[in-house]
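I opened this one with my notebook beside me. Below is what I looked up, in the order I looked.

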There are 4 protein chains.
Amino acid sequence: MKKSLDQTINDLVIANRILAHENIVDAYGHVSARHPDRPDRFLLSRSRSPELVEPGDIMEFTLDGHAVNDDKRAPYLERFIHGGIYEKRPDLNSVVHSHAEGVLPFAITETPLIPVLHSASEIGLTIPVWDIAEKFGYTSLLVTDASQGRDLATKFGQNSVVLMRGHGFAAGGQTLLQTLRMSVALPKNARVYLEAMRLGPVKGLSAGELEARKSVMGVAENSATLRAWEYWACRCGCGHLLPGGGPKAGA
Amino acid sequence: MKKSLDQTINDLVIANRILAHENIVDAYGHVSARHPDRPDRFLLSRSRSPELVEPGDIMEFTLDGHAVNDDKRAPYLERFIHGGIYEKRPDLNSVVHSHAEGVLPFAITETPLIPVLHSASEIGLTIPVWDIAEKFGYTSLLVTDASQGRDLATKFGQNSVVLMRGHGFAAGGQTLLQTLRMSVALPKNARVYLEAMRLGPVKGLSAGELEARKSVMGVAENSATLRAWEYWACRCGCGHLLPGGGPKAGA
Amino acid sequence: MKKSLDQTINDLVIANRILAHENIVDAYGHVSARHPDRPDRFLLSRSRSPELVEPGDIMEFTLDGHAVNDDKRAPYLERFIHGGIYEKRPDLNSVVHSHAEGVLPFAITETPLIPVLHSASEIGLTIPVWDIAEKFGYTSLLVTDASQGRDLATKFGQNSVVLMRGHGFAAGGQTLLQTLRMSVALPKNARVYLEAMRLGPVKGLSAGELEARKSVMGVAENSATLRAWEYWACRCGCGHLLPGGGPKAGA
Amino acid sequence: MKKSLDQTINDLVIANRILAHENIVDAYGHVSARHPDRPDRFLLSRSRSPELVEPGDIMEFTLDGHAVNDDKRAPYLERFIHGGIYEKRPDLNSVVHSHAEGVLPFAITETPLIPVLHSASEIGLTIPVWDIAEKFGYTSLLVTDASQGRDLATKFGQNSVVLMRGHGFAAGGQTLLQTLRMSVALPKNARVYLEAMRLGPVKGLSAGELEARKSVMGVAENSATLRAWEYWACRCGCGHLLPGGGPKAGA
């Protein structure tokens, strides 16, 4: 069920605060949503820490990163991460960029990160690492123009997550909720995998299991997937922004 | 001393919130209690994050996982973990299912988890790992029907804890408090054991020590065991739900 | 400057709450002070979680662990840890017993814990590990009578800290503040030491440095050492219990 | 744009509370600013835990560590760290001293700490370790006079950070905000580097990348760098001290 622009902005604000509260972003990092009515545009806060984002902060961008509606406010430098992925992947409707600590060891070494936890199945079997230096040489490591965003998106390819060398990760999902799930599960999966390696050979999720989980964790929202949204929203103080004003006692 | 249904439900709500506050469960994971008057039934929240559970959320299930009293609310998909263990083990009256991070390295490798901390003695000397793939092939890793719950319970056997490959653990105790103790102690015990392995051979608890501790930590509630319940309840904001309205200054 | 009984009890209550807030104790673990007027007695809470201790909870014990003044309230089972150390070491006036996670890897292996951080110098060069099983065989690992407390105190000897196998540690200081400092620094020192071992040979503090630090961190309270007390007390919500009602703006 | 003395003191108070809230300092550790009008003086709190510092606590010191204006309040013992660096490095205007846990493994071993995260680029390619024992023998490890401060500053040299053996680190920046950024990024960078070493060879930042980042993260404050200041200030309860009374909804 497609959401309205207002509902999308409302959800995006909640998502910003959830990611901050769950330690996926801090002063930096951001989350966007594709415009529900114009697939050639996306919604993203002005340059502001996610924890502080409010509805009025949300700006609208073309896929090559230009603000529309003559909006002169300072945008995030790295909005091109989002635009690049939306352009490359019409099937995706939300993108997160984060520097979450748990994944970073895998972003500065050659050891591939793999899914080992059921809750992380959506990150996919293959998680490429994009090194900005390969094509762009000495940079600030920030993705600051459309060509860099497109190069990142090419490495992202048909996967769900791409690590960025010395920097963090980008994740793209079919829904905002799916993207949040991956963003929260990814660092936990990385930490557990790293610890487990000390104990001996690690049993990861199989391709068949990832496929089987798609039917459970897929796009459709149900009582199990919305449970996480309700939980995260309440924890970060956004319970009152949920439909109906937040959770009530079971009737 | 057997508790009334009302008291059991009240305690179960507190237990939900304790487990959330102590980071044993998050949006997912759950805790149940066997019905105090009908051993062929158990009590478990509707599909809701434990931190938010209230008395009205508690549903009643048969051991094969059917809601009774024509209750149409969405239940947890994995209620079969609970039913399977209650069916297999008439001596147990409470079950927790959790994805606590500390135990997960032992759930994806072949290294057996053992008790090394006195506070974890109730987890037992043997902690089997159940891999749903062995019998059921490619699944979502979730325990979604009674046959899977029974297979898990068979692996659980006469132990107190079973790890679930790529997923988490289930623990069963004679009382709700005992199950909480194990659920909180298990991840700490796993983290300490993992760290200690780096230092050389590890001295675990002996069978004789586990036996000796049963007399101290057994079923009967006393000032030492209730101290943990009071502490946890106060920390998660449920002090006012304790008998007498919570802790008072020592007289 | 000797403190009055009232002041000692007030400080002991603050110390209980500090240790809880700093994650050195949880539902279990405890802190005591020698009676300021009767060196053959010590002060310790009734059986209660340190976070909840109030002045009225403090009981008075003989060094062999008997409550005085006909006090019938349930005491901590392990009060013998405190009595044993006070009996063996007339120079010490405060004891902490804790299960803090950071030290536990060193309590279940043969690798000696050493001081590597300046803030941990008071823990001393030698930190013995006491294994209750050596003399008492299969036990609950708890120190539940005076003979066990005395055996622990013998292993403690002229040191400042003793680890307890599979259980935790006991620390004894000349003042309550010194004991708190050691209790907070010990787990941090253990974690850092454990991590550093991965990087190669570790440079610990020398005997000469420990000696030099005694003149700085010694018994006398000064602006530097009281700074920690003020900080910890404010963090755990006890600022109003400080002399003068807590910190004021600098004049 | 040079700041006034009042603004500098206001910012310094906020910086104290930020560092406490972000776990870079606790009861100990401190942050200073060079006097905006008198480069031969610096501003630093009296001996007080950073979390509790208020404007009236800020004292003024000469570079050799003497309080001016006949200020008799107890200063930090280690103010000589600050004076030594300001004297040696006229280009720097802010200094932090911290015992943050993440860096300590590199302060007690021979393995050099290197920058591996883009957010840590300002710490520089070379991070020397100063061992007070080399020149001063058996000490308390504290930097308690001007000659020790100058020796530390000599090891600091033209770098941005120096580790202090068994103790912590000192960092110096061109602005208060730059010094905060380094202080927060340094322990995260150290933790990630330490974890990554387990996975195989680590890819650090290159000299060319450090250079490229200077243009982005340099001295000038802009919407991206001020975002961190706003975020940290709000998190530690100092939002109301920001210009204009803190963040407002985007207009």
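**Sheet in chain C**

I started with chain C, where 7 strands make an open sheet with mixed pairing, in the order S3-S2-S1-S4-S7-S6-S5. At its edges I found strand S3 (58–62) and strand S5 (129–130), each with a single partner strand, so one side of each has no neighbour in the sheet. My ground rules: helices (H or I, at least four residues) and strands (E, at least two) are DSSP runs, numbered from the N terminus. Two strands count as paired if DSSP finds at least two bridges between them.

This is a predicted model, where local features need pLDDT of at least 70 and side-chain atom pairs count only at pLDDT 80 or more, while totals for chains, interfaces and linings use all residues. Residues are numbered from 1 along each chain as its sequence is written, and chains are lettered from A and ligands numbered from 1 in the order in which they are written.

Strand S2 (residues 41–45) of chain C pairs with S3(C) in the antiparallel sense over 5 bridges. I noted Ile58(C) in S3(C) as the bridge partner of Ser45(C).

Which strands does helix H1 (residues 5–21) of chain C lie across? I found strand S1 (30–34), S2, S3 and strand S4 (94–98) of chain C, with H1(C) running at about 160 degrees to S1(C). Axes here are lines fitted to C-alpha atoms, for helices over the stretch in contact, and angles run from 0 to 180 degrees between N-to-C directions.

S5(B) is joined by 2 bridges to strand S6 (residues 161–164) of chain B, and the two run parallel. Val129(B) sits opposite Leu163(B) in S6(B).

Then I went through phi. Most residues other than glycine have a negative phi. Asn23(B) has a positive one, near 65 degrees, and sits in the loop between helix H1 (5–21) and strand S1 (30–34) of chain B. Leu141(B) is positive too, with phi near 70 degrees, in the loop between helix H4 (132–136) and helix H5 (146–156) of chain B.

Buried or exposed, I wondered about Leu141(B)? It counts as buried because it has 24 C-beta neighbours inside 10 Å. Asn23(B) has 13 other C-beta atoms within 10 Å, so it is partly exposed. The cut-offs: buried means 20 or more other C-beta atoms within 10 Å of a residue's own, exposed means 12 or fewer, and partly exposed is in between, with C-beta atoms placed from the backbone.

**Strand S4 in chain A**

I picked strand S4 (residues 94–98) of chain A next, and 5 of its 5 residues are buried. Both faces are covered: Ser94(A), Val96(A) and Ser98(A) on one side, Val95(A) and His97(A) on the other. Strand S1 (residues 30–34) of chain A is joined to S4(A) by 4 antiparallel bridges, with His30(A) partnering His97(A). S4(A) also has 5 bridges to strand S7 (residues 168–173) of chain A, again antiparallel. There, Ser98(A) stands opposite Phe169(A).

**Core**

The largest nonpolar core has 297 residues, and Leu163(A), Ala170(A), Ala170(B), Ala170(C) and Ala170(D) have the most contacts inside it. Such a core is a set of buried Ala, Val, Leu, Ile, Met, Phe, Trp, Tyr and Cys residues joined through C-beta atoms within 7 Å. I listed what Ala170(C) touches, leaving out residues up to four places away in sequence; among them are Ile81(C), Val96(C), His97(C) and Phe156(C). Contact means that the C-beta atoms of two residues, placed from the backbone, lie within 7 Å.

**How the chains meet**

A rotation of 90 degrees with 0.0 Å of shift along its axis puts chain D on chain C, RMSD 0.0 Å. That is the relation of a four-fold axis. Arg198(D) has the C-alpha nearest the axis in chain D, 6.3 Å from it. I noted the method: least squares on the C-alpha atoms of residues with pLDDT of at least 70 in both copies.

The contact between chains A and B takes 35 residues from chain A and 31 residues from chain B. H8(A) gives the most to the chain A side, with 8 residues. Chain A and chain C have no contact, and their closest C-alpha atoms lie 13 Å apart.
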